[in-house]
Amino acid sequence: EFPPGYEGYHTYDETNAALDKIVADHPDIAAKSSVGKSFEGRDIPMLKISDNVGKDEDEPEVLFDCNQHAREHLTTEMCLRIATRFTDGYASDPAIKDVVDNREIWVIPIVNPDGSSYDIESGNFAGWRKNRQDTGTDLNRNWGYKWGCCGGSSEDPNAEDYRGSAAWSAPETTALRDFIDSRVVGGKQQIKASIDFHTYSELVLWPFGHTQDQVTEGMTQEEYDRFAKVGGEMAKTNGYTPEQSSALYVTDGDILDWMWAQHKILAYTFEMYPSDSGGMDGFYPPADVIEKETARNDAAVDILLKEAGA
Ligand code: 0X9
Ligand code: CA
Ligand code: CA
Ligand code: ZN
């Protein structure tokens, strides 16, 4: 259902099929599950990659999630690249094997399946951002830490950054929250680091988003400095600009603020290619950029996976 020139992108069904094929090809290191249901009842598929994948081992866990925003289809390809790279590379690449043997990697390629399906439903792009609950909720304003606190979201249901009627009013954020909460084992959050992929602007962003302050409730100078250091290291590898997320603009209820405040997950948002396009076109680069613009983040992904063990 992608328009001509975009067939290289994976639809929701094709994404599920790609994940199923990865599991069929690599049953010892890959397992598929559902995080939960979207508003319209679609499963939100998730892949776990690790040695002894059926066991919950004592290994640092890392979460990669994509496509909170419907029209940001390049991010789904980013998550699929991560899934493919750490499974297809396992047998032949010792560095990949080392990561897979010593981490538990969670990959969620489509957080917003209703929105991303709707965006391509007619055969032309709809320019859709939100989920499909009534007028649509911006999932990245619906997370429950300081929800709606600070002028970084809208209470207007027709706005692009509508925060929803309450924190966690969207089934998609609730499903992800419940999964992340479930990774607290023996009183300890197992997920140590995360990247939430978006497009576009070529940025590496870290918390907090609700304030311009670096140091505030829930963020010490030492913690901030670690975010900035690792963020800077990752940005050096992909050429993105590293900055605190509120330097782009203030948001409240985004995933980063909740992941850090609630669970102390070293959580980043990447804004992928392009750096600028002057509007809606930036969300729809042709499929021939997928390879280059997802491979561009390989080294940054590797850095975060390593850092999760620190
Ligand atoms: O607005 C968003 O949710 C993200 N940008 S996007 O163009 N993909 O919609 C950025 C969220 C990062 N947080 C802050 N900027 N505070
Ligand atoms: Ca394992
Ligand atoms: Ca574990
Ligand atoms: Zn986005």
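Y200 is found in the loop between β7 and β8 (203-206), where helices (H or I, at least four residues) and strands (E, at least two) are DSSP runs numbered from the N terminus. The peptide bond that leads from T199 into Y200 is cis, with omega near -5 degrees. This is a predicted model, in which local features need pLDDT of at least 70 and side-chain atom pairs count only at pLDDT 80 or more, while totals for chains, interfaces and linings use all residues. Residues are numbered from 1 along each chain as its sequence is written, and chains are lettered from A and ligands numbered from 1 in the order in which they are written.

- Strand β10 is mostly covered, with 7 of its 7 residues buried; a residue is buried if 20 or more other C-beta atoms lie within 10 Å of its own, exposed if 12 or fewer, and partly exposed in between, with C-beta atoms placed from the backbone.
- From β10, L266, Y268, F270 and M272 point one way, whereas A267, T269 and E271 point the other way.
- Strands β7 and β10 run parallel and are joined by 7 bridges; two strands pair if DSSP finds at least two bridges between them.
- Within this pairing, T199 stands opposite M272 in β10.
- Strand β8 pairs with β10 in the antiparallel sense, over 3 bridges, and V204 stands opposite F270.

**The annotated residue E271**

- An unreviewed UniProt entry places the feature "active site" at E271; UniProt positions are given in the numbering used here, feature names are shortened, and annotations may be inferred rather than shown by experiment.
- E271 lies in strand β10 and counts as buried because it has 22 C-beta neighbours inside 10 Å.
- Not counting residues up to four places away in sequence, E271 touches H198, T199, Y200, S201, E202, L203 and L205; two residues are in contact if their C-beta atoms, placed from the backbone, lie within 7 Å.

**The shell around ligand 1**

- Ligand 1 is surrounded by 14 residues, of which the closest are N140, H198, G209, S245 and T251; a residue is near a molecule or strand if its C-beta atom, placed from the backbone, lies within 6 Å of it.
- The elements that give two or more residues to this shell are α7 (245-248) and β10 (266-272).
- Helix α7 gives the most to the shell, with 3 residues.
- By class, the shell has 3 nonpolar, 8 polar and 3 charged residues; Ala, Val, Leu, Ile, Met, Phe, Trp, Tyr, Cys and Pro count as nonpolar, Asp, Glu, Lys and Arg as charged, and the others, Gly among them, as polar.

**Backbone features in the loops**

- E202, in the loop between β7 and β8, has a positive phi of about 60 degrees although it is not a glycine.
- E202 is partly exposed, because 19 other C-beta atoms lie within 10 Å.
- W168 lies in the loop between α4 (113-120) and α5, and its phi, near 70 degrees, is a positive value in a residue other than glycine.
- W168 is partly exposed, because 16 other C-beta atoms lie within 10 Å.

- Helix α5 (residues 171-182) has 12 residues and reaches 16 Å from its first C-alpha to its last, close to the 16 Å expected at 1.5 Å a residue; the expected span is 1.5 Å times one less than the number of residues.
- The buried residues of α5 are P171, E172, T173, A175, L176, R177, F179 and I180.
- These buried residues pack against β1 (30-37), β2 (43-49), β7 (191-199) and α8 (255-263).
- Helix α4 is mostly covered, with 7 of its 8 residues buried, and the cover of its buried residues includes α1 (12-25), β2 and α2 (73-88).

**Strand β2 and its partners**

- Strand β2 is mostly covered, with 5 of its 7 residues buried.
- Strands β1 and β2 run antiparallel and are joined by 6 bridges, with A30 opposite I49 in β2.
- The hairpin of β1 and β2 has 5 residues between the strands, and G41 there takes a positive phi near 95 degrees.
- Strand β2 also pairs with strand β4 (residues 104-108) in the antiparallel sense over 3 bridges, and the bridge partner of K48 in β4 is W106.
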